[in-house]
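Biologist: I would like to learn how to read the main features of a model. Please show me the structure and take me through them.

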Amino acid sequence: MPSEHRLILKYIDQPGYTPDLDCYLKHGGYRGLQKALTLPPRPLGDGKSLSGPEQIREDVKLSGLRGRGGAGFSCGLKWSFVDRRSGKPIYLICNADESEPGTFKDRQIIHKDPHQLIEGMIIACYANDVHLAYIYIRGEMPEGARILEKSISEAKARGFLGPNICGSGYPLEIHVHRGAGAYICGEETGLIESLEGKRPYPRIKPPYFPAVLGLYQCPTIVNNVETLCNIKHIVEMGGAAFAQLGTPNNTGTRVVSLSGQVRRPGYYEIEVGKATLGELIFDPNFGGGLRAGRALKAVIPGGSSAKVFKAGEKFALKRKGPDGKEVEEPVDMLDLPYDFDTLIKAGSMSGSSAIIVLDDSADIVGALANISEFYAHESCGQCTPCREGSLWMSKALHRLTHGEGRAMDADYLLQIANHIPGGRTICAFGEACSWPVQSFVTKFKDEFVARGRADEVKRVKEEVDPSAGSASRHGAVAKAP
Amino acid sequence: MTEIQPLEAVPNPLQSQPDFAVPTELESALDQVITHYPQKRSASLMLLHAIQERYGFVSEQAVHWVAGKLDLQPIHLLELVTFYPMFHRRPVGKWHLKVCRTLSCALAGSYGIHRHFCETLGLDAHAHGPQTTKDGKFTVEFVECLAACGTAPVLMCNETLHEQVTEEKARQILGGCA
């Protein structure tokens with residue numbers, strides 16, 4: 001039976017565990033940092049040797065750690081892109097702008113174990129020769145920002161931060177920077193613009209890869225909260241041991257945010273790929289199944305921008321058979337191991353590892369309308385396909401959910417959604433706003449068409465007999481008297 | 001020949017606050033914040049947050065003051081105040097209720113909570129954007145995902161997050177706003 005494997009959340013929610021420094025130290029805190037700072041140079045045999053920071057970077061590569069923010073890009077590789085010869089300072093930013101609908105894992109770390117994040121950050125900064133780092137936390141977490149500021153001053157007072165960390169001579173300052181309610185600040189180049197005091201319009205890549213031209217046009221590393229926490233554990237246990245956790249190419253643990261119509265919504269940390277989507281929803285150790293009398297309708301597997309899975313959907317996946325040969329066999333959506341690669345093969349993604357469950361009481365058209373309204377609100381407005389497209393889709397879905405729909409709206413929605421992503425926009429928001437529409441409308445097309453057709457029939461009746469005005473046509477949106 | 005009419009004045013996007021003044025203790029705290037950044041402009045958001053925390057909204061005078069402080073033009077601040085949803089350009093109620101609107105909370109009944117607040121306070125549940133009661137005591141607003149989906153539905157009352165809000169709990173929250 002699958003169970004949780006708590007690495008990041010090890011102490012969180014244990015009775016008596018508090019976010020202050022003394023408690024963190026009592027539980028072995030900042031030992032990873034001490035180890036990192038005192039790593040002796042490792043001789044390579046040809047007269048050269050690897051310095052401590054270089055060894056940490058190698059270890060992170062070896063660990064196979066992939067970014068926990070949404071894209072799942074190799075952290076070691078991201079670090080290796082950093083331009084270290086430019087002579088410019090290197091910056092590190094912790095992306096704590098957790099705003100993908102369905103995700104609430106970083107909030108737990110920030111509120112309940114802030115020093116773990118700070119220790120991970122210090123090690124990551126040391127490994128990359130960073131002397132100034134920022135935590136960009138979303139504006140809606142004022143309490144989180146206060147906790148982090150307090151933790152930073154605690155760490156400073158004990159010499160874990162400041163001009164001479166633990167007597168090693170390595171200087172580092174970390175500051176907390178608050179966002180102000182814009183989802184697009186989670187996009188790394190948008191975040192950088194925002195941190196520079198501008199509107200968070202994402203930058204075009206190339207040339208503005210943060211690793212080369214990031215904050216103040218200097219090389220910059222942007223990592224998610226959970227990713228940075230993992231750095232601490234990689235240093236403590238070694239990259240090879242970390243790579244033993246999880247499954248090949250999907251190493252380590254992940255904190256899964258489970259929400260929607262399940263009995264036990266919440267955050268669960270699993271070894272990547274060691275539990276299936278179905279187990280996460282139905283196992284009593286995790287979601288505990290649906291409410292009584294309900295059947296599964298759909299699952300959004302990786303935050304609201306991930307493509308939806310329909311209950312009963314099957315995917316042809318290559319698996320190793322008993323004789324060691326790879327065989328392609330149909331796998332039910334619920335039997336997909338919850339990792340990075342399998343979900344991508346199944347046409348969706350694990351994104352920010354946020355699962356939203358919809359049972360048969362949920363209105364699929366309404367759910368998509370809700371998601372689309374989010375993206376229409378949050379598009380930064382820089383690129384025309386995304387700015388206009390996200391709003392058109394939201395308007396069409398508003399019509400469909402307020403008695404004004406048309407049978408052709410399903411095709412209309414697909415047509416818009418198919419023309420936003422694929423290099424037509426500067427950032428991945430174009431994908432994020434069209435993937436849910438593409439997948440919902442394709443997989444539940446009959447429901448969308450039926451909704452539109454019913455509205456059309458109603459309108460024809462009203463034309464014949466104006467007194468037969470439908471209650472629903474204006475009922476749901478009617479202004480209060 | 002048609003007479004040329006003078007153009008209508010463009011309404012000022014910011015409210016005026018003639019008595020705006022920054023006390024020394026706040027100013028020195030803000031000066032401290034500016035030192036966190038290699039470039040002054042980066043401090044814009046943090047300064048606007050601090051101003052809004054103190055005065056409740058960001059006024060025309062505040063924008064000019066911050067611009068002067070950071071060696072910027074007022075437009076550089078105005079573009080932020082008009083972009084980021086958290087900044088208020090006019091005063092909001094003493095109690096600001098932000099109900100999460102996004103999927104997980106909507107599935108758990110956040111629309112009902114929002115309607116309950118609006119009906120109790122005499123506001124329009126279908127109107128867009130934040131709405132303030134006539135006595136200036138409450139502002140009710142739908143906001144996007146607050147990142148607490150596991151305990152949906154959630155809302156923020158000023159800076160406090162309330163989770164698993166039922167209608168009963170919503171009543172208590174309103175009752176606790178004195």
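Biologist: How do strands β9(A) and β10(A) pair?

Modeller: Start with the terms. Strands are DSSP runs of E of at least two residues, and helices are runs of H or I of at least four, numbered from the N terminus. Two strands pair if DSSP finds at least two bridges between them. Here β9(A), residues 253-260, pairs with β10(A) in the antiparallel sense over six bridges. One bridge sets Leu258(A) against Gly266(A) in β10(A).

Biologist: What must I know about the model and its numbering?

Modeller: This is a predicted model: local features need pLDDT of at least 70, side-chain atom pairs count only at pLDDT 80 or more, and totals for chains, interfaces and linings use all residues. Residues are numbered from 1 along each chain as its sequence is written, chains are lettered from A and ligands numbered from 1 in the order in which they are written, and side-chain values use heavy atoms, with hydrogens and water left out.

Biologist: In which order do the strands of the open sheet with β9(A) and β10(A) lie?

Modeller: The order is β10-β9-β15-β11-β12 in chain A, five strands with mixed pairing. The edge strands, β10 (266-271) and β12 (309-310) of chain A, each pair on one side only.

Biologist: Is strand β4(A) enclosed or open?

Modeller: Burial decides that. Buried means under 20% relative accessible area, exposed over 50%, and partly exposed in between, with a 1.4 Å probe and protein chains only. Seven of the eight residues of β4(A), residues 130-137, are buried, so the strand is largely enclosed by the rest of the structure. Its parallel pairing with β3(A) runs over seven bridges, and Ile93(A) stands opposite Tyr134(A) of β4(A). β4(A) also runs parallel to β5(A), residues 173-178, joined by six bridges. There Tyr136(A) has His177(A) in β5(A) as its bridge partner.

Biologist: How do I check the length of helix α6(A)?

Modeller: Compare the span with the expected one, which is 1.5 Å times one less than the number of residues. For α6(A), 14 residues (114-127) should span 20 Å, and the end C-alpha atoms are 20 Å apart, which agrees. The helix is mostly covered, with 14 of its 14 residues buried. Asp129(A) follows α6(A) and has a positive phi, near 60°.

Biologist: How do I read salt bridges?

Modeller: Side chains of opposite charge can pair when their charged atoms come close. The cut-off is a side-chain nitrogen of Lys or Arg within 4 Å of a carboxyl oxygen of Asp or Glu. The search finds 40 salt bridges over all chains. One of them joins Glu226(A) to Lys105(A), with the closest N and O atoms 3.0 Å apart. This pair links distant parts of the chain: Glu226(A) is in α10(A) (residues 225-237) and Lys105(A) in α5(A) (residues 105-112), 121 residues apart. Glu226(A) is buried at 0% relative accessible area, and Lys105(A) is buried at 1%.

Biologist: Which salt bridge does Glu144(B) form?

Modeller: Glu144(B) pairs with Arg101(B), the closest N and O atoms being 3.1 Å apart. Glu144(B) lies in the loop between β3 (138-143) and β4 of chain B, and Arg101(B) in the loop between β1 and α5 (103-107) of chain B, so the pair ties together parts 43 residues apart in sequence. Both Glu144(B) and Arg101(B) are buried. Back in chain A, salt bridges that share partners join Arg68(A), Lys105(A), Asp106(A) and Glu226(A) into one network.

Biologist: What is the make-up of chain B?

Modeller: Chain B has seven helices and five strands. Buried residues are 49% of its 178 residues. Its five strands form an open sheet in the order β2-β3-β1-β4-β5, with mixed pairing. The edge strands are β2 (131-132) and β5 (160-162) of chain B, each pairing on one side only. In the antiparallel sense, β1(B) (residues 95-100) and β4(B) (residues 155-157) pair over three bridges. Lys98(B) stands opposite Met156(B) in β4(B).
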